[in-house]
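Let's take a friendly walk through a structure and see how its parts meet. Keep the viewer open as you read.

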Amino acid sequence: MIRAENIFKSFGETEVLKDISLEFKKGHTNLIIGRSGAGKTVLLKILVGLLHPTDGSVYYDDVNFTQLDKKSVREIRMKVGMLFQGSALFDSMTVEENIRFPLDMFTNLTLKEKRKRVNECLERVNLDGSNDKFPSEISGGMQKRVGIARAIVLNPQYLFCDEPNSGLDPKTSLLIDELIRDITLENNITTIINTHDMNSVMEIGDSIALLYEGKVAWQGNKDEVLTSDNEILQGFIFASPFLQRLREAALGNQQ
Amino acid sequence: MDFLLKVPRDLVFHLGRYMIMMGNVFSKPEKMRVYWKEITRQMDDIGIGSIVIVCLISIFMGAVAAIQFAYQLDGQLVPRYYIGYIVRDLAIIESAPTITCLVLAGKVGSNMAAELGGMRQKEHIDAMEIMGVNTSAFLIMPKLTAALVVIPLLVIISAFVAICGGYIATVPTGEITADDYIRGVRAFFDPHNVTMMFIKSIVFSYILTTVSCYQGYFVKGGSIELGEASTRAVVISNILILTADYVIAVLLTG
């Protein structure tokens with residue numbers, strides 16, 4: 001479980017996050033949604049420690065992450081996996097070397113054991129046999145899956161995903177969403193996803209927080225999205241007339 | 001008034017951030033084997049990758065110095081073999097360490113800044129940080145170690161090639177006999193000059209590597225900023241190398 005308590009973040013005069021308090025549950029896919037510029041990425045970077053909050057604290061299972069020294073932060077980070085928006089795969093390394101990198105850095109496994117673990121992860125993301133390809137030789141969706149494989153190679157307890165579906169077609173987006181949800185359930189990990197993909201919200205949103213102008217405007221789950229009267233939520237999720245008609249139709253069917 | 005305050009404020013900020021970065025660079029590596037692999041890769045990049053340009057510049061450096069001195073000494077009472085002696089000392093004391101490192105600041109330094117800057121922009125550094133890697137140490141320490149080993153070796157090659165360049169430029173053209181040139185190269189040899197060459201090459205390697213890595217590591221923005229960081233890496237390295245050259249000259253020849 002990860003808890004953000006009264007997080008404030010300013011860049012100079014600009015206040016980006018204003019008193020954010022959220023709890024991200026274990027075994028759940030926790031979504032942070034909001035319009036561009038709402039502060040989602042800043043919040044995610046604060047949660048993983050890439051940015052320091054101006055005020056407030058982040059707790060990893062009751063350990064105050066924001067107060068830890070560098071060594072303790074690194075110890076916690078070894079339990080963290082992250083999928084980046086652009087995948088952040090190392091261009092000069094093959095798929096196998098990318099996934100093996102955390103094993104090379106932090107384990108004493110033999111090369112054979114490391115290869116076995118890499119193959120397990122590749123199999124998990126349906127990319128077996130892609131070991132020797134370079135990131136430039138595979139598609140965006142495959143790069144995301146390699147990113148997921150690298151994120152889970154050390155069996156993390158916390159998984160962060162920054163815009164996992166950006167730049168992907170709807171079908172591949174669904175596959176990535178399902179993969180993240182399945183990995184979360186299989187390993188009972190705390191997963192936090194930063195997204196503005198509405199399919200993700202409706203498919204895997206076990207717990208959803210909507211950020212609006214640096215504040216939490218709404219909290220709930222995918223089932224409550226349809227029925228909520230929150231105007232900011234409705235304006236964001238069902239932004240187009242087509243989606244509004246879909247919502248009305250869905251509500252009509254429910255009644 | 002604000003501008004006047006900005007300069008010292010920026011200087012203190014960058015100096016502080018540089019010191020913190022270097023503190024992290026010298027912390028204990030997570031896995032020595034992985035670092036060693038990276039060190040050997042960097043040695044290959046810096047050493048083998050720069051040997052041709054260093055030799056090319058050094059041969060002309062020695063040749064021009066020899067011809068200029070031959071011209072200056074023409075008709076004077078100074079013995080001709082002094083050409084070899086002057087070319088040797090000029091190469092060892094000044095041109096090999098300084099010119100080689102200025103050239104390497106342009107070639108290797110800008111490359112380091114661009115590599116690290118590119119990694120920052122593509123979120124590679126963030127990805128490593130989140131894995132728990134000490135990125136300053138993992139990305140900078142192998143470059144620094146490789147540079148401290150390989151650049152002094154390049155400087156030795158540069159000095160040797162420059163002396164050969166002087167020979168090629170003056171002996172076949174009849175400016176001086178081969179015997180005289182070799183006699184000059186052997187005359188008045190002071191081992192202290194070689195020590196000075198090594199001290200300079202180590203200090204300059206440290207400057208060009210750490211300054212370039214600093215510029216690349218903290219890059220913000222897009223491709224324009226990356227280009228600016230790369231240029232800044234070369235300009236600042238060159239200024240600091242020339243300043244250090246002066247300081248070392250004062251300290252070691254006083």
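A salt bridge is a side-chain nitrogen of Lys or Arg within 4 Å of a carboxyl oxygen of Asp or Glu. With that rule, two salt bridges turn up across the interface of chain B and chain A. In one of them, A:Asp91 pairs with B:Lys122, and the closest N and O atoms are 2.6 Å apart.

Before going on, a word on what you are looking at. This is a predicted model, in which local features need pLDDT of at least 70 and side-chain atom pairs count only at pLDDT 80 or more, while totals for chains, interfaces and linings use all residues. Residues are numbered from 1 along each chain as its sequence is written, chains are lettered from A and ligands numbered from 1 in the order in which they are written, and side-chain values use heavy atoms, leaving out hydrogens and water.

**Chain B on its own**

Chain B has eight helices and zero strands; here helices (H or I, at least four residues) and strands (E, at least two) are DSSP runs, numbered from the N terminus. Its C-alpha trace spans about 70 × 50 × 35 Å along the principal axes. Of its 254 residues, 47% count as buried, meaning under 20% relative accessible area with a 1.4 Å probe, protein chains only. Contact means heavy atoms within 4.5 Å. Among the contacts in chain B with a separation of 6 or more, 85% come from residues 24 or more positions apart.

**Where chain B meets chain A**

How many residues does the contact take from each chain? Chain B gives 20 residues and chain A gives 25. The size of an interface is often given as the accessible area lost when the parts come together. Buried area is that loss, found with a 1.4 Å probe and summed over both parts. Between chain B and chain A about 2,000 Å² is buried, 60% of it on carbon and sulfur atoms. On the chain B side, B:Lys31, B:Ile130 and B:Met131 lose the most area to chain A, together 35% of what that side buries.

Six residue pairs are in polar contact across this interface, both residues at pLDDT 80 or more. A polar contact is a pair of N or O atoms within 3.5 Å; within protein, one must be able to donate a hydrogen and the other to accept it, and residues adjacent in sequence count only if both atoms are side-chain atoms. Helix H1 (2–25), helix H2 (32–73) and helix H4 (124–131) of chain B each supply at least two residues of the side that touches chain A. H4(B) gives the most, with seven residues.

**Two domains within chain A**

Chain A is divided into domain 1 (1–79 + 157–229) and domain 2 (94–155), with bounds from an automatic or database domain assignment. Their centres, taken over C-alpha atoms, are 24 Å apart. The contact joins 14 residues of domain 1 of chain A to twelve residues of domain 2 of chain A. A:Met78, A:Leu179 and A:Ile183 supply 45% of the area that domain 1 buries against domain 2, more than any other three residues. One salt bridge crosses between these domains: A:Arg124 with A:Glu186, the closest N and O atoms being 2.6 Å apart. Helix H6 (residues 170–187) of chain A makes up the largest share of the domain 1 side, seven residues.

| Interface | Buried area | Share on carbon and sulfur atoms |
|---|---|---|
| Chain B and chain A | about 2,000 Å² | 60% |
| Domain 1 of chain A and domain 2 of chain A | about 1,000 Å² | 71% |

Methods:
Buried area = accessible area lost by both parts, 1.4 Å probe. Buried < 20%, exposed > 50% of the residue type's maximum accessible area, 1.4 Å probe, protein only.
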